Amino acid sequence: MKQSKVKFNGNENYNMNCDIDSLAKLGFKNSTFHHDISPSYTNQKGNIQVFFFDLEDEGIKSEGITNKYTVQKFNDEGELLDDGVANEFDEMLRLIEQVNN
């Protein structure tokens, strides 16, 4: 799988650990805010947000993060209901499926 690289917080080659075009095909849109620790994408419904961690990025290393993806599910009021972590793209997709049910 193609590994997309993006510019994020001064890192010109931040590794998304996936092909971000494949996320768009799944209906995810970039939802990153300027103060986020990592890039994030949210589904069309707005209830699932995935954070993408480049484990070689100095900012991610300094935070002690050891997983490539964090998946979060929110209710209609924006309260966190469920979350999970994954290190493989397919594993992250399965996690999205689980928390979205």
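**Entry 1. Terms and model**

I take a residue as buried when its relative accessible area is under 20%, as exposed when it is over 50%, and as partly exposed in between, using a 1.4 Å probe and protein chains only. I note that this is a predicted model, in which local features need pLDDT of at least 70, side-chain atom pairs count only at pLDDT 80 or more, and totals for chains, interfaces and linings use all residues. I number residues from 1 along each chain as its sequence is written, and side-chain values use heavy atoms, with hydrogens and water left out.

**Entry 2. An aromatic pair**

I began with Phe-89, which counts as buried because its relative accessibility is 9%. I then looked up Tyr-69, which is buried as well, at 1% relative accessibility.

I recorded that a pair of aromatic rings is described by the distance of the centres and the angle of the planes. Rings of Phe, Tyr and Trp (its six-membered ring) pair if their centres lie within 6.5 Å; planes under 30 degrees apart count as stacked, over 60 as edge-to-face and the rest as tilted. My search of the whole structure gave 4 aromatic pairs. One of them joins Tyr-69 and Phe-89, edge-to-face, with 6.5 Å from centre to centre and 65 degrees between the planes. This pair links distant parts of the chain, since Tyr-69 is in strand S6 and Phe-89 in helix H3, 20 residues apart. Ring pairs also bring Tyr-41, Phe-52, Tyr-69 and Phe-89 into a cluster.

For these element names I follow DSSP runs numbered from the N terminus: helices are H or I with at least four residues, and strands are E with at least two.

Which residues of H3 are buried? I listed Phe-89, Met-92, Leu-95, Ile-96 and Val-99. Seen down the axis of H3, these buried residues fall within an arc of 115 degrees, so they line one face of the helix; the arc is that of the directions from the helix axis to the C-beta atoms. On the face turned away from the buried side I found the exposed residues Arg-94, Glu-97 and Gln-98.

Leu-93 also belongs to H3, which spans residues 89–99. Leu-93 is partly exposed, because its relative accessible area is 26%.

I next asked what the buried residues of H3 pack against. They pack against helix H1 (20–25) and strands S5 (48–52), S6 (69–74) and S7 (80–86).

**Entry 3. The core and Val-71**

I define a nonpolar core as a set of buried Ala, Val, Leu, Ile, Met, Phe, Trp, Tyr and Cys residues joined through side-chain atoms within 4.5 Å. The largest such core has 23 residues, and those touching the most other members are Met-16, Leu-23, Val-50, Phe-52, Tyr-69, Val-71 and Met-92. Strand S1 (5–8), H1, S5, S6 and H3 each give two or more residues to this core. The largest share, 5 residues, comes from H3.

Leaving aside neighbours within four places in sequence, Val-71 is in contact with residues including Val-50, Gly-84, Met-92 and Ile-96. Gly-84 is also the bridge partner of Val-71 in S7. Strands S6 and S7 pair in the antiparallel sense over 6 bridges, where pairing requires at least two bridges found by DSSP.

**Entry 4. Salt bridges**

I count a salt bridge when a side-chain nitrogen of Lys or Arg is within 4 Å of a carboxyl oxygen of Asp or Glu. By this rule there are 3 salt bridges. Glu-12 forms one with Lys-7, the closest N and O atoms being 3.6 Å apart. Lys-61 meets Glu-56 at 3.8 Å, N to O, and Glu-58 at 3.7 Å. Glu-58 and Lys-61 are separated by about one helical turn, because they are 3 residues apart in helix H2 (residues 58–63).

**Entry 5. Positive phi**

I noted that most residues other than glycine have a negative phi. Asn-9 has a positive phi near 45 degrees; Asn-9 lies in the loop between S1 and strand S2 (11–15). Asn-17, in the loop between S2 and H1, has a positive phi of about 65 degrees. Is each one buried or exposed? Asn-9 is exposed, at 54% relative accessibility, whereas Asn-17 is buried, at 9%.

How values were computed:
Contact means heavy atoms within 4.5 Å.
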